[in-house]
Amino acid sequence: MSIFDEKYRVVGVESDRLMVRGVHSGEVLTIINPELSTPLSQADYPVGKLIALSDPSATLQN
(Lines give C-alpha, C1' and ligand atoms only; values in the text may rest on other atoms or scores of the structure.)
Protein backbone atom coordinates (compact mmCIF):
# COMPACT_ATOMS: atom_id res chain seq x y z
CA MET A 1 0.00 0.00 0.00
CA SER A 2 1.31 3.44 -0.94
CA ILE A 3 1.24 6.35 1.52
CA PHE A 4 -1.08 8.02 -0.99
CA ASP A 5 -3.63 5.16 -0.69
CA GLU A 6 -3.96 5.65 3.10
CA LYS A 7 -6.22 8.06 4.97
CA TYR A 8 -4.66 9.93 7.91
CA ARG A 9 -5.82 11.63 11.10
CA VAL A 10 -4.05 14.75 12.30
CA VAL A 11 -2.35 14.06 15.65
CA GLY A 12 -0.36 17.30 16.00
CA VAL A 13 0.39 20.56 14.25
CA GLU A 14 3.16 23.13 14.62
CA SER A 15 3.87 26.10 12.37
CA ASP A 16 6.48 24.14 10.42
CA ARG A 17 5.21 20.55 10.61
CA LEU A 18 2.11 18.37 10.57
CA MET A 19 2.00 15.00 12.30
CA VAL A 20 -0.51 12.45 11.01
CA ARG A 21 -1.31 8.79 11.80
CA GLY A 22 -2.53 6.28 9.22
CA VAL A 23 -6.07 5.09 9.91
CA HIS A 24 -5.32 1.52 8.78
CA SER A 25 -1.55 1.21 9.18
CA GLY A 26 -1.11 3.24 12.38
CA GLU A 27 2.08 4.65 10.83
CA VAL A 28 2.95 8.17 12.01
CA LEU A 29 4.26 10.63 9.42
CA THR A 30 5.72 14.08 9.97
CA ILE A 31 5.16 16.43 7.07
CA ILE A 32 7.52 19.41 6.95
CA ASN A 33 6.05 22.69 5.71
CA PRO A 34 8.36 24.14 3.01
CA GLU A 35 6.55 27.50 3.06
CA LEU A 36 7.73 29.11 6.29
CA SER A 37 6.00 32.35 5.31
CA THR A 38 2.68 30.45 5.47
CA PRO A 39 2.64 28.64 8.83
CA LEU A 40 0.34 25.71 9.50
CA SER A 41 -2.37 26.26 12.09
CA GLN A 42 -4.66 24.17 14.26
CA ALA A 43 -7.60 26.06 12.73
CA ASP A 44 -6.68 24.56 9.33
CA TYR A 45 -5.62 21.16 10.67
CA PRO A 46 -7.51 20.42 13.90
CA VAL A 47 -6.42 17.30 15.80
CA GLY A 48 -8.58 14.40 14.65
CA LYS A 49 -9.26 15.79 11.17
CA LEU A 50 -9.22 13.12 8.47
CA ILE A 51 -6.99 13.95 5.50
CA ALA A 52 -5.52 12.25 2.44
CA LEU A 53 -2.13 12.90 0.88
CA SER A 54 -1.72 13.56 -2.82
CA ASP A 55 1.24 12.56 -4.94
CA PRO A 56 2.87 15.73 -6.33
CA SER A 57 4.61 13.71 -9.07
CA ALA A 58 1.21 12.66 -10.43
CA THR A 59 0.18 16.22 -11.34
CA LEU A 60 0.35 17.28 -14.95
CA GLN A 61 3.09 19.70 -15.85
CA ASN A 62 2.62 22.47 -18.43
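Which residue in strand 3 is the bridge partner of Met19? I looked this up and found Thr30. I note at the start that the model is predicted.

**Entry: strands**

Reading along the sequence, I wrote the pattern down as β-β-β-β.

I then went back to the pair that holds Met19 and Thr30. Strand 2 and strand 3, the latter covering residues 28-32, run antiparallel, and I listed five bridges joining them. The two strands form a hairpin, with five residues between them. In the turn I checked Gly26, which has a positive phi of about 80°.

**Entry: core**

I looked up the largest nonpolar core and got nine residues. They are Tyr8, Val10, Val13, Leu18, Val20, Leu29, Leu40, Ile51 and Leu53. Two elements give two or more residues to this core: strand 1 (7-14) and strand 2 (17-22). Strand 1 gives the most, with three residues.

I picked Val20 from the core list and asked for its contacts, leaving out residues up to four places away in sequence. Val20 touches Tyr8, Arg9, Val10, Val11, Glu27, Val28, Leu29, Ile31 and Ile51.

**Entry: Ser15**

Where does Ser15 lie? I found Ser15 in the loop between strand 1 and strand 2. I put Ser15 down as partly exposed because its relative accessibility is 43%, and that class runs between the 20% and 50% cut-offs.

With residues up to four places away in sequence left out, Ser15 touches Asn33, Pro39 and Leu40. Leu40 was already in my notes as one of the core residues. I also took the distance from Ser15 to Asp55, which is 40 residues apart from it along the chain. Their C-alpha atoms are separated by 22 Å.

**Entry: whole chain**

I turned to the overall figures last. The C-alpha trace spans about 35 × 30 × 15 Å along its principal axes. How much of the chain is made up of buried residues? I noted 23% of the 62 residues.

The chain exposes about 4,600 Å², and carbon and sulfur atoms supply 52% of that area. For contacts with a separation of 6 or more, I recorded that residues 24 or more positions apart account for 42%.

For charge, I noted 5 positive and 8 negative side chains. The centres of the two sets lie 8 Å apart.

Key. Residues numbered from 1 in each chain as written. Predicted model: local features only at pLDDT ≥ 70, side-chain atom pairs only at ≥ 80, totals over all residues. Heavy atoms only, no water. Core = buried A, V, L, I, M, F, W, Y, C linked by side-chain atoms within 4.5 Å. Buried < 20%, exposed > 50% of the residue type's maximum accessible area, 1.4 Å probe, protein only. Helix = DSSP H or I, 4+ residues; strand = E, 2+ residues; numbered from the N terminus. Contact = heavy atoms within 4.5 Å. Areas by Shrake-Rupley, 256 points an atom, 1.4 Å probe, with all protein chains shown as cover. Lys, Arg positive; Asp, Glu negative; His and termini not counted. Charge placed at Lys NZ, Arg CZ, Asp CG, Glu CD. Pairing = 2+ DSSP bridges.
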